[in-house]
Amino acid sequence: MFVARWYAYVARIYLANRDLIRAGSVVADGLSRFESPDLYVARGAIIERQAFARIPDVLGAMLEHRLNEGTIPNTLRLAIADYLRALSIDPQHTGARIRLMWIRLLQRDGRAADDAADLLRTSTDPEARYLALLFRGAIAERDRHLEGAIHDYEEARREDVDTQTACVTLSHAHGLAG
């Protein structure tokens with residue numbers, strides 16, 4: 001499946017450079033040849049980018065409940081379908097699990113916390129665990145469970161001591177807690 005992963009990698013490069021047309025074209029070509037979870041995740045990420053194209057602050061929009069407006073919910077359903085398709089092929093696909101968790105977090109879907117807990121329970125990948133702890137902390141912070149958020153951010157900081165995000169989120173949660 002090296003070739004399928006290569007298609008997904010090329011699509012992510014185009015996506016990182018905001019070239020959604022070429023990214024979509026590469027994914028479509030890859031999916032015409034391979035049934036690959038990586039390609040479904042890449043297509044879902046392209047769809048996500050399209051859904052949020054006009055929103056400069058996605059987290060702020062979530063907090064203000066603006067992600068339920070217009071075509072965003074229907075567009076995100078397409079991305080969710082791609083992530084679920086990837087998981088039907090590979091139930092432990094970390095990228096699909098994290099992307100699905102992210103959308104569920106943004107949509108205030110209670111399954112996001114379950115996704116994070118499941119990833120923490122089943123994954124030994126430090127990067128995946130780090131992201132799951134950040135997501136779970138963000139969910140706790142959003143719901144004003146600041147002790148839980150602080151705990152998760154501290155765990156994330158221990159999981160990857162070389163990143164700043166956990167330190168920043170931890171500082172923010174402490175600031176909210178007073």
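Let's start with a pair of charged side chains: R99 and E48 meet in a salt bridge, with an N to O distance of 2.5 Å. R99 sits in helix 6 (residues 94-106) and E48 in helix 3, so this pair ties together parts that are 51 residues apart in sequence. One thing to keep in mind as you look around is that this is a predicted model.

How do the two partners sit relative to the surface? R99 is partly exposed, at 28% relative accessibility. E48 has a relative accessibility of 3%, so E48 counts as buried, the cut-off being under 20%. As a general point, side chains of opposite charge can pair when their charged atoms come close.

How many salt bridges does a search of the whole structure find? The search turns up 13. Another of them joins the side chains of R33 and D29, at 3.0 Å from N to O. Here both partners belong to helix 2 (residues 20-33), and because they are four residues apart there, about one helical turn separates them. R33 is exposed, with a relative accessible area of 54%, while D29 is partly exposed at 31%.

Then there's R142, which forms a salt bridge with D143; their closest N and O atoms are 3.1 Å apart. Is R142 buried or exposed? With 18% relative accessibility, R142 counts as buried. D143 has a relative accessible area of 36% and is partly exposed.

**How the helices pack**

Now step back from single side chains and look at whole helices. Two packed helices are described by the angle between their axes and the distance between the axes.

| Helix pair | Angle between axes | Distance between axes |
|---|---|---|
| Helix 1 and helix 2 | about 170 degrees | 8 Å |
| Helix 8 and helix 9 | about 165 degrees | 8 Å |
| Helix 8 and helix 10 | about 20 degrees | 11 Å |

Take helix 1 and helix 2, which pack at an angle of about 170 degrees. An angle over 145 degrees counts as roughly antiparallel, and these two helices are therefore roughly antiparallel to each other. Their crossing is left-handed.

Helix 8 shows up in two rows of the table, so let's follow it from one partner to the next. With helix 9, the packing angle is about 165 degrees. That makes helix 8 roughly antiparallel to helix 9, and helix 8 passes helix 9 in a left-handed crossing.

The other partner is helix 10. Helix 8 covers residues 126-142 and helix 10 covers residues 165-177, and the two pack at about 20 degrees. Helix 8 is thus roughly parallel to helix 10, since angles under 35 degrees count that way. The crossing of helix 8 and helix 10 is left-handed too.

**Two arginines with a positive phi**

Next, check the loops. R108 is not a glycine, yet it has a positive phi of about 60 degrees. You'll find R108 in the loop between helix 6 and helix 7 (111-122). R108 is partly exposed, with a relative accessible area of 31%.

R144 has a positive phi as well, about 65 degrees, and is not a glycine either. Where is R144 found? Look in the loop between helix 8 and helix 9 (146-159). R144 is exposed, with a relative accessible area of 58%.

On the surface, F2, V3 and W6 form a nonpolar patch, and together they have about 330 Å² of accessible area. W6 lies in helix 1 (residues 2-16), the helix that packs with helix 2. With a relative accessible area of 44%, W6 is partly exposed.

How values were computed
Residues are numbered from 1 along each chain as its sequence is written. This is a predicted model: local features need pLDDT of at least 70, side-chain atom pairs count only at pLDDT 80 or more; totals for chains, interfaces and linings use all residues. Side-chain values use heavy atoms; hydrogens and water are left out. Patches are made of residues with over 30% relative accessible area and no salt bridge: like charges are joined within 9 Å, nonpolar side chains (Val, Leu, Ile, Met, Phe, Trp, Tyr) within 5 Å. Accessible areas come from the Shrake-Rupley method with a 1.4 Å probe; for residues, only the protein chains shown count as cover. A salt bridge is a side-chain nitrogen of Lys or Arg within 4 Å of a carboxyl oxygen of Asp or Glu. Buried means under 20% relative accessible area, exposed over 50%, partly exposed in between (1.4 Å probe, protein chains only). Axes are lines fitted to C-alpha atoms, for helices over the stretch in contact, and angles run from 0 to 180 degrees between N-to-C directions. Angles under 35 degrees count as roughly parallel, over 145 as roughly antiparallel, 65 to 115 as roughly perpendicular and the rest as oblique. A crossing is left-handed if the near helix is turned anticlockwise from the far one by less than a right angle, and right-handed if clockwise.
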